[in-house]
Amino acid sequence: MALRFFITGTDTDIGKTVASAQLIRGFAQMGYKTIGMKPVASGCERSNDILLNVDVASHCRASNISAPLDLINPYRFVPAISPHLAARDANVEIHISHLVDCAEQLSNLAEVVIIEGAGGWYAPISDQNTIADLATALAAPVIMVVGMRLGCLNHAQLTIDAIEQRGLIVAGWIANCIDPAFDRYEDNLAYLKKHISAPLLAELAYDEGAVNFALNASAIELLTANLAINQPIIAESHI
Ligand SMILES: Nc1ncnc2c1ncn2[C@@H]1O[C@H](COP(=O)(O)OP(=O)(O)OP(=O)(O)O)[C@@H](O)[C@H]1O
Ligand SMILES: C[C@H](N)[C@H](N)CCCCCC(=O)O
Ligand SMILES: [Mg+2]
């Protein structure tokens with residue numbers, strides 16, 4: 001069974017894709033067959049009758065194996081709006097069971113699958129379900145990306161609490177510097193380090209190109225060492 005990680009974040013547009021691509025690249029560089037998955041993408045472009053999403057393109061550029069688009073990005077919509085609205089407009093029902101099945105199939109092709117959510121933890125994918133329900137069904141350890149800007153201390157704590165409430169393990173978090181004018185960056189980082197018990201996997205600097213990062217090899221080693229061998233993916237208190 002492949003290692004799987006679910007990537008969430010403190011909001012939409014805070015660097016989940018940038019961080020996911022770095023994780024994919026990091027695992028691939030360590031020699032693992034690694035692929036990305038974007039279960040639901042709103043904000044796609046039509047090209048020759050195929051809907052393509054930039055997050056998926058970033059994952060693909062970073063990964064060292066390939067898989068059918070219908071597995072790596074099963075639900076695709078054009079408007080860049082909340083997935084539940086995009087799906088409703090397209091008369092599509094998003095089935096979590098189908099996404100779990102696609103993730104299983106990817107797990108048979110790859111050694112590591114990096115699954116990027118959409119928006120934040122409670123972004124809706126239908127009137128009934130949110131990204132949290134999808135992550136729970138996938139039962140994958142979660143990596144939280146914190147978009148380092150004013151307001152992130154509150155958003156990070158709310159997200160961690162909500163992840164843990166599902167009984168999911170927070171495998172680590174990534175501090176992503178999305179606002180170069182963020183005052184007191186170091187003090188905010190120190191606060192997060194003190195209050196988040198999961199390890200800080202990487203600090204991504206502000207970079208206009210946002211592709212020039214290499215995730216520290218020790219972060220990848222930490223993720224594999226902690227999770228490769230029979231590590232429960234559900235917190236013991238919830239079993
Ligand atoms: N460290 C960074 N430095 C500079 N720009 C960044 C950085 N991280 C992200 N960005 C930019 O911020 C924007 C949002 O990043 P990204 O697409 O990774 O967000 P996201 O959380 O994946 O959003 P979504 O919820 O749509 O999936 C992109 O234009 C990206 O290039
Ligand atoms: C289109 C956008 N870039 C994301 N893919 C979807 C963000 C959904 C946010 C939903 C919400 O919390 O309001
Ligand atoms: Mg993204």
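Me: Is Asp55 buried or exposed?
Reply: Count neighbours. A residue is buried if 20 or more other C-beta atoms lie within 10 Å of its own, exposed if 12 or fewer, and partly exposed in between, with C-beta atoms placed from the backbone. Asp55 has 20 such atoms within 10 Å, so Asp55 is buried. This is a predicted model: local features need pLDDT of at least 70, side-chain atom pairs count only at pLDDT 80 or more, and totals for chains, interfaces and linings use all residues. Residues are numbered from 1 along each chain as its sequence is written, while chains are lettered from A and ligands numbered from 1 in the order in which they are written.

Me: Where is Asp55 placed?
Reply: Helices (H or I, at least four residues) and strands (E, at least two) are DSSP runs, numbered from the N terminus. Asp55 lies in helix H2, residues 54-62.

Me: What does Asp55 touch?
Reply: Contact needs C-beta atoms, placed from the backbone, within 7 Å. Leaving out residues up to four places away in sequence, Asp55 touches Thr17, Lys38, Ala41 and Glu116.

Me: Which positions does UniProt list for "binding site"?
Reply: UniProt positions follow the numbering used here, feature names are shortened, and annotations may be inferred rather than shown by experiment. The unreviewed entry lists Thr17, Asp55 and Glu116. They are spread over 100 residues of sequence, yet cluster in space, with a largest C-alpha distance of 8.7 Å.

Me: Is Glu116 buried or exposed?
Reply: Apply the count again. Glu116 is buried, because 29 other C-beta atoms lie within 10 Å. Glu116 sits in strand S7, residues 112-116. Its contacts, beyond four places in sequence, include Lys16, Thr17 and Asp55.

Technical notes
Two residues are in contact if their C-beta atoms, placed from the backbone, lie within 7 Å.
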